[in-house]
Structures are given as structure tokens and as C-alpha cells.
Amino acid sequence: MATNKKEEEKPVKRVKTPETLRGMKDILPDEQIYWEYFRRKAREISAAYSFGRIDMPILEDEKLFVRTVGKQTDIVEKEMYNFLDKGESKVTLRPEATASVARAYINHGMLNLPQPVKLWYMGPMFRYDRPQSGRYRQFHQYGLEVIGGPDSVVDAQLILIAVRLFEDLGLKVKVEINSIGTATTRQEYKIELIAYARKHRKELCEDCTRRLSRNPLRLLDCKQEACRTIMKDAPQIIDWLDEDSKQHFMQLIEYLDEISVPYVLNPHLVRGLDYYNRTVFEVVPDRGDDADLGSQSALAAGGRYDGLVEQMGGREETAAVGLAVGIERAILEMKQQDVEPPALPRPDIFFAQIGAEARRAALQHFEDVRAAGFHVVEAFGKSSLKGQLEAANKENARFTVILGQLEVQDNTIIVRDMESGAQETIPMEQMIDYLKKEMGRK
Ligand code: AMP
């Protein structure tokens, strides 16, 4: 019977595949070599300087950030991912981690521990900012916080650790430092700064015009050329420091000189968050004097936040200092400076099988080899030997073991040295000892 052609044609279903949200990205296996390298170096340096790891929730009460980072900062005003949860609580995907660490310090009575308490964290942060290279809406930070240590030696050591980390990663960096004094002196300074900027109001960019009334210190680190030119002659915060902050800063500089940490004094460095006082610093790539680093150049940033713990209900005068490294930025810079992370360790053995019976047996033998401590890989999804040997070459395995129909019957296995190409058939029960001997293992 002739069929109706129209009936045969299936309607084409067009499914729109969901995509990641703007400013968020997948980190694919090929990229992981950089991430693994960074994480390893971060873990090593944290341990070397006796920092304990802390993991905080990614979702926190909105108030935590509004009160600490500051109502009129860019982060709180424009960039927070906040929403009402199903219980009508106002919650926020953390835009940074220092406030959470300070909260945890108080919540868990860490002031009863020997001071200072040294903590490190690593994880995702969220800021609803305009995405561009080096600026994402979900990004990752590795951070160090030292709570309960007022002396500038702590600042110096933290800056040193940051420099060491980047050196360990193979990157050339420099540190920019400044002191922003206390909240009181900053207030006095702000009045002067506003008076100066008002005189140039017409020439300022739109953002700076807004900052003038809401967050004037940010005028100093605006990246727009016109604003930078105006700000060059602005009063400098360093001239407003109180005597103690001045002493603290001078000592910091002496310590940095003592340990030969390369730094540059940057009177325009102010950091955008309310909780900072005294020392502020940034780590930027050192690509030679004339290099244009663009606006998203800071690899890491940090500073003192002596008032934060007290402000959050903790013990008075709990001095603290911290640092956060942008992991995506560090990885971009590794690529920029041609730093190749070491390849992942090559597998010892590739396990190949030919035929249904061998494949069944191979599943168990693979387990035996793995349990004997070898790094073993396979491609059980492939059936041709050619395809499997290609996979073994791609994995750069030291040896390939091959199990075919005949070997299953004879209870043997073929061991192939992938470097010399020589191969040998050996009894199955000797396989592990043979491989251990060949690889010089006990
Ligand atoms: P902050 O928490 O703003 O002091 O930033 C510390 C570091 O995190 C910066 O120096 C950057 O390396 C990194 N960072 C901050 N915001 C972003 C972002 N939106 N995307 C990628 N990295 C960021």
C-alpha cells in the first residue's frame, strides 16, 4: 500500500539548548591543568605559613554584606546577587569572603584561640558587574585572613606571601601599597577631596560624578583617562594620616625593605570597600614599565580591616588584615606570560581488551591493577585494538596490557612497553609483579 508521504515526515523539533548565564562560564577539562596548578600552589603556601582552611556558605544573609562592605559601595549598590528565598529571607550570593570569615570568627568563638587566627579559603564569588575579559559575574578567589594581629609585621608577611605565591606560579608581579588611615581621618580627607573634585565636576566621567556624593574615595582609582588626569593633582590621603597610622605605614615599609619585597607607593590606591583601614595593597603583573595593563589588571588585593570584627559584634579592637587573589586573573596572566603548568602525571598503564569475553574479564583485572597502586587508564568503550592503542599513546601511558580471547583462555596477558614497542606474554598471576619490577616499584 502506498503511504502518504506527508504522514511519514516527522515534524522537526527545534529545542533551544540552554546556555550559561552572561558572565559565567564552564571550566572544561583542558583548562583544569591551570586550575589544578593554582590550587596546588595555594594549598602548599597556605600550609607553609600555617593557615587553616575554612569553607563558608556561598549564600549568606544580605545584611552581612550591606553592613560591612558598605551601603554606598559599588558592590552593594549595583553588584549583589540578592533575592528573597522561599522563607522570605533576604539572602545574597557572596560577593566576597572577608565578611563571612569575620562572621565565622565571631560565631565560633575563635577569639579564644591563640591569636592571631590565620585562615584561608577558596571558592566562587558573585558580582553582577559588566562582564569583560578578566571580569566575570561568577569568579573564584583564594584568600588569606589574619585576625587578631595589629602589628604591621603581619601586613608585611601577608604581602610577602602574595608575592611568593605568584613567584611560585612563575609570574612576575609587583605590589602597590598605600595607607588610608582611620575612618575619622578619612572623613576629613574626603571633605578636601570632594572640594577639589567639585572644581572639576564638568570634566569628570558619569560614574565619578555619582561617586562624588556617594563614595568619593573611588574617584582616585577611576580608570578613565580624563578623571586620572584631574586626580593626579588631587590631595593625597597619606597627608591626612593620624600619627599611629603613619607609624604603622612607615614600619610596614621598613619590613618590606628588610625582606626585599618590591613595592610601589601608590597614593591613589584606596580600595572600594568600607571596612578597610590603614594598609591597602594590590598585586599587579610586572610586564615592564611601559606595558598597558588595562583596567582589569589587579591579580590580588587586600588590606587591613581593624574595625570589622568589632562592628559585627565581636571583641573590641580585633585588628585584622586579609588578601584575596582572583584565580581567573592569575590564570589569564599565566597564559599572558607564557607560563606552562606542569603536565598531569602520565599514567603507568593502559588496559586494552579485544572481544566480549576479554572485556568482561578486563573489568576485574583493571581493578586488581588499580588496587596494586598503579595509575591505570582504559577505553573500554572502544573495541578495536587500533583505537585503543591510539588512546594509549594519547594518554602517554608507560605500558599497555592487552587482553584478547586467546589470553583469557590461556590465563595470560600481553604487556607492551610503549617506549620500546617490545611486548611479552606473561601468566596472568605474574602480571602485577612483572609490572612492579619493570617500573622499579616494590
Ligand atoms: P576584591 O574582592 O574586589 O578586592 O578583589 C580581589 C581580586 O579578585 C581582584 O584583584 C581580582 O583579581 C579578583 N576579582 C574581583 N572581581 C572580579 C570579577 N568580577 N571577575 C574576576 N575577578 C575578579
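User: Which residues have the most contacts inside the largest nonpolar core, and how many residues does that core have?

Analyst: The general idea comes first: in soluble globular proteins, nonpolar side chains tend to be buried together. A nonpolar core is a set of buried Ala, Val, Leu, Ile, Met, Phe, Trp, Tyr and Cys residues joined through side-chain atoms within 4.5 Å, where buried means under 20% relative accessible area, exposed means over 50%, and partly exposed lies in between, with a 1.4 Å probe and protein chains only. In this structure the largest nonpolar core has 53 residues, and Y121, L204 and M231 are those with the most contacts inside it. Apart from that core lies another one, of 45 residues, which includes Y37, L158, F166 and A300. As you read on, keep in mind that this is a predicted model, in which local features need pLDDT of at least 70 and side-chain atom pairs count only at pLDDT 80 or more, whereas totals for chains, interfaces and linings use all residues. Residues are numbered from 1 along each chain as its sequence is written, and side-chain values use heavy atoms, with hydrogens and water left out.

User: What does L204 touch, if residues up to four places away in sequence are not counted?

Analyst: A contact means heavy atoms within 4.5 Å. By that rule L204 touches A197, T209, L212, L219, C227, I230 and M231, once residues up to four places away in sequence are set aside.

User: How many of the residues of helix α3 are buried, and which elements are included in what covers them?

Analyst: Helices (H or I, at least four residues) and strands (E, at least two) are DSSP runs, numbered from the N terminus. Helix α3 spans residues 62-69, and because 6 of its 8 residues are buried, the helix is largely enclosed by the rest of the structure. Those buried residues are E62, L64, F65, V66, T68 and V69, and what covers them includes β2 (59-61), α4 (74-79), β3 (81-84), β4 (90-93), α5 (98-107) and α11. At the start of α3, a side-chain oxygen of D61 reaches to within 2.9 Å of the backbone nitrogen of K63, while α3 is followed by G70, whose phi is positive, near 115 degrees.

User: Where is T318, and which backbone oxygen lies by a polar atom of its side chain?

Analyst: T318 sits in the loop between α11 and β11, and it counts as buried because its relative accessibility is 5%. A polar contact is a pair of N or O atoms within 3.5 Å; within protein, one must be able to donate a hydrogen and the other to accept it, and residues adjacent in sequence count only if both atoms are side-chain atoms. Here the backbone oxygen of R315 lies 2.6 Å from a polar atom of the T318 side chain.

User: Which of the residues around the ligand come nearest?

Analyst: A residue is near a molecule if one of its heavy atoms lies within 4 Å of it. There are 14 residues around the ligand, and R127, Y136, Q141, R271 and A298 come nearest. A polar side-chain atom of Q141 lies 3.0 Å from an oxygen atom of the ligand, a backbone N or O atom of L299 lies 3.2 Å from a ligand oxygen, and a backbone N or O atom of G326 lies 3.4 Å from one. The protein covers 91% of the 480 Å² of accessible area that the ligand has on its own, by the Shrake-Rupley method with a 1.4 Å probe. The elements giving two or more residues to the shell around the ligand are β6 (138-147), β10 (300-304) and β11 (320-326).
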